[in-house]
Amino acid sequence: MSDARERRIGEVVGRVARQALADYGRSRIALLDDGGPEAELAARMLARALGDEAVVRVAEAEGEMDPLLHAAPPERVGEETRRMRARLLDDALPAHPANKTALLLGGSLPPEPLLPLGDLWAGEVAALIGSWSASADVRALAEAAGGVEVLDAALRRWIDQREPAALASLPAEAAERVRRLFAAGSASRRNPRLVPKLGHRTLCVDLSE
């Protein structure tokens, strides 16, 4: 995918982020940063649009972890730690960099008000920055489907083009897992987030079934 394509997407992301800052009365974006490709891409786009000083990359705090957290999965502890640190920045608007594939199939949407890459498919992220990330369940599903490009293509037809039979292009077990994971997040998608609109049907804009 070309630099021009990234710039065009970044312009849309930047306009939505700039308006979100104005609406919420904040001066910076607090971007949850797990070190993955989506965080890198979102930070790059937001910094280009808003300036480096307007983007705070919130990583996991270093130091001894609270013993009460040892029973929780490490990835969840890291996510919630970043989330708490982002919320403690009073002048910053929390943002989560997850891609559209991960958000559609990952259960409840993140609570952050801004999802800058929420209308960018995982395969598009990979084309822009070389890789993509999602939960273990979604990555396993992509592998079972024959690759993230195959999974995204089926989802595009099913979600964006509203083709009821689109999932038939996937192996039967993978198609059933798509339906199950998609349904698990349906209630959350009815609660609005700010998502730059890039495609036909966008999370929390016109995908609130």
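This is a predicted model: local features need pLDDT of at least 70, side-chain atom pairs count only at pLDDT 80 or more; totals for chains, interfaces and linings use all residues.

Mentor: The largest pocket holds about 850 Å³ of space. Its lining is made up of 32 residues, and those nearest the centre are Glu-79, His-96, Gly-106, Ala-134 and Ser-135. By class, the lining has 14 nonpolar, eight polar and 10 charged residues.

Four helices each supply at least two lining residues: H2 (37-50), H3 (74-87), H4 (100-105) and H6 (136-145). H3 gives the most, with eight residues.

One of these helices, H2, also packs against H1, which covers residues 3-24. The axes of H1 and H2 come within 8 Å and cross at roughly 70°. An angle from 65 to 115 degrees counts as roughly perpendicular, so that is how H1 and H2 lie to each other. On the H1 side, the contact includes Glu-6, Arg-7, Ile-9 and Val-13, and on the H2 side it includes Leu-41, Arg-44, Met-45 and Leu-46. Sorted by class, the contact of H1 with H2 has nine nonpolar, two polar and five charged residues.

For a second pair, look at H5 (residues 122-129) and H7 (residues 148-160), whose axes come within 8 Å and cross at roughly 135°. H5 and H7 are therefore oblique to each other. Here Ala-122, Gly-123 and Glu-124 of H5 meet Val-148, Asp-152 and Arg-156 of H7. This contact of H5 with H7 has two nonpolar, one polar and three charged residues.

Definitions and conventions. Residues are numbered from 1 along each chain as its sequence is written. Side-chain values use heavy atoms; hydrogens and water are left out. On a 1 Å grid over the protein atoms alone, a cavity is a set of points where a 1.4 Å probe fits but cannot get out, and a pocket is an open set with protein on both sides within 12 Å along at least five of seven lines; lining residues have an atom within 4 Å of a point. Grid points are joined across faces, edges and corners, and a volume is the space filled by probe spheres set on the points. Ala, Val, Leu, Ile, Met, Phe, Trp, Tyr, Cys and Pro count as nonpolar, Asp, Glu, Lys and Arg as charged, and the others, Gly among them, as polar. Axes are lines fitted to C-alpha atoms, for helices over the stretch in contact, and angles run from 0 to 180 degrees between N-to-C directions. Angles under 35 degrees count as roughly parallel, over 145 as roughly antiparallel, 65 to 115 as roughly perpendicular and the rest as oblique. Contact means heavy atoms within 4.5 Å.
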